[in-house]
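Subject: Structure handover, with notes on side-chain interactions

Dear colleague,

I am passing on the structure we spoke about, and my notes come after it.

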Amino acid sequence: MEGLEAMGFSQPTPIQEQAIPVVLSGHDLIACAQTGTGKTAAYVLPLMNRIMEQNSGSSSTLILAPTRELALQIDQQVEALGYFTGISSIAIYGGGDGMTWDLQKKAIREGVDIIIATPGRLISHMATGDIRFPNLKYLVLDEADRMLDMGFFDDIMRIVSNLPKERQTLLFSATMPQRIRQLANGILKHPKQVNIAISKPAEGILQKVYMVEEPAKQPLLELLLNEGGYNSVLIFASTKEKVKKLGSVLSKSGLDCKAFSSELDQTQREEIMRSFKNKNLRILVGTDVLSRGIDVEGIDLVVNYDVPPDPEDYVHRIGRTARAERTGTAVTFVNNQDFRKFERIGQLTGLTIPIEPLPESIKHLSIAAPHEPPGKHRGNFKSGHHRRNNHTTGKAKPSGHGSGHHRSGSRSNGST
C-alpha cells in the first residue's frame, strides 16, 4: 500500500478492478485489454501479495514478454511497486554482451522472486541449466498476441513443458484472435475471462489524418514538429531502413531526434530510451516493436508516418500517448496505396477521424486526396471537426530504474 501511494495510485483502472480479485482467488485468467490500461499492475500487485502471504520461495513467478523493452518496463513496475516489500526481480533478455549474461546467471543462482524474460533468452539459460523452476507457482504471458506474431509459439510451449503442472497461469493480450484461444486452451485450466474495451483507443487521444503522398510526408512531418509545439514525439515507420533514414534526415535538419532499431546494441538502445523517458530526447523514431514495448509518461504526439498493416497495431501505436487518463495527439499520414488499410482501421475502431487540410506550402508536393471522396468509402472516418474529450490530468506513474540487473525491492536500493 505504501508503494501504491508513492506511485500516485488512488483507484484501480477497470482491468485492475476486474483482474485483481481473480488472481487473488487463485484462478487461471485470460484478460484482454488494450495498451495503456494498467494491465501490468493488474497482475503484478496480486501476485506480489500472494508471494508475501505464502512465502513462496525463489523463482516462484515467471513473466514472459515479447521484447526486451517490455521486459524492462515490467521489471521497473515491479521495482517501484515492491519498493517497500523486499520482493526481488530480474529482467532477462538478449542483445547484451557476455558480462550481461554472467550477471543474469549470477542473479538467478542467488535467487529472485520474480523472473521477467523474453522467450529466446530464457530458453538459452534453461539449456545451460542456469534456470530451474521447481518452486514455480505463477506464470504470466504478457502481450501474448505479440509473442505469437513474433513467432514465439514453439518457444512458449517448450518453456511451459518444463514448468510444474500445478501452477496459476495468467494470459494477458491486447487482442484475442483464435490462435490465442488455442494457446490458452493448451496451457490454462478452467480460466476466468476479463475483457476490457477491445480495439478502442483511449478517449483522450485527438486523432487526425492527412491524405498525403510520399514526396510530401517528410516536409509535412518537419512542419508539424517545428510548429506544433509538441515536447515529446514518437514516430512510427514501416521498416528499419525507413526508421534509420528518417531519424538521420530529421537530425540533420536540426531536430532533436534519434532512430531506435534492432541494429543498435543493447547499451545504445537503453541509453536512447533513457534519454527519451527523461525528456532529454524530444523525438524518437521506431518500428512497431515500440508500440508495445514502451511505457513513457507525457508523450504528447504520436505520428504514423506509414499506416500499419494490421488495424490492431494502429490502436497500440497511438496508445503510447494519452496514457493514465491524460490527453495527446495522434497523426496518421495516408497515401493512396494505404487508403484501404486505413479504412479497415475505421471499421475496427468505429471511430470518426477528421481528414486535415494540407498546409499550402505542402500541397504542391502531394496528390492530397483519394480517387473517391472519403465519405463514399466504408471506413468510419470523414472530413470535419473532431471533438476532443477533456480529462483531468491523472497522476503520473513513476518508472523504476531497471537495468536488467538483479536487485531487491528493499528501501536501501532507492526508487523514484
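The notes below cover salt bridges, aromatic rings and one leucine.

Please keep in mind that this is a predicted model, in which local features need pLDDT of at least 70 and side-chain atom pairs count only at pLDDT 80 or more, whereas totals for chains, interfaces and linings use all residues. Residues are numbered from 1 along each chain as its sequence is written, and side-chain values use heavy atoms, with hydrogens and water left out.

Salt bridges

Taking a salt bridge as a side-chain nitrogen of Lys or Arg within 4 Å of a carboxyl oxygen of Asp or Glu, the count comes to 12. One of them joins Asp313 to Arg146, with 2.7 Å between the closest N and O atoms. This pair links distant parts of the chain, since Asp313 belongs to helix 13 (residues 311-318) and Arg146 to helix 7 (residues 144-149), 167 residues apart; helices here are DSSP runs of H or I with at least four residues, strands are runs of E with at least two, and both are numbered from the N terminus. Asp313 and Arg146 are both buried, where buried means under 20% relative accessible area, exposed means over 50%, and partly exposed lies in between (1.4 Å probe, protein chains only).

A salt bridge also forms between Asp306 and Lys242, at 3.1 Å from N to O. Here too distant parts of the chain are linked, with Asp306 in the loop between strand 12 (301-304) and helix 13, and Lys242 in helix 11 (residues 240-252), 64 residues apart. Asp306 has a relative accessible area of 4% and is therefore buried, while Lys242, at 26%, is partly exposed. Both residues belong to a network of salt bridges that links Glu214, Lys217, Lys242 and Asp306.

Within helix 15 (residues 360-363), Lys363 and Glu360 lie three residues apart, about one turn of the helix, and they form a salt bridge whose closest N and O atoms are 3.1 Å apart. Lys363 is partly exposed at 40% relative accessibility, and Glu360 is exposed at 63%.

Aromatic rings

Rings of Phe, Tyr and Trp (its six-membered ring) are paired if their centres lie within 6.5 Å, and planes under 30 degrees apart count as stacked, over 60 as edge-to-face and the rest as tilted. The whole structure holds five aromatic pairs. Among them is the edge-to-face pair of Tyr210 and Phe333, with 6.2 Å from centre to centre and 80 degrees between the planes. Tyr210 is in strand 8 (residues 205-211) and Phe333 in strand 13 (residues 328-334), 123 residues apart, and both are buried.

Tyr210 and Phe333 are also linked with Tyr305 into a cluster by ring pairs. The charged end of Lys217 sits over the ring of Tyr305, 5.4 Å from its centre, by the rule that NZ of Lys or CZ of Arg is within 6 Å of the ring centre and within 35 degrees of the ring normal.

A buried leucine

Leu225 lies in helix 10 (residues 214-227) and, at 2% relative accessibility, counts as buried. Leaving aside residues up to four places away in sequence, Leu225 touches Val233, Ile235, Leu250, Leu255, Arg282, Ile283 and Leu301, contact meaning heavy atoms within 4.5 Å. Leu225 and Leu301 are 76 residues apart in sequence, and their C-alpha atoms are 9.3 Å apart in space.
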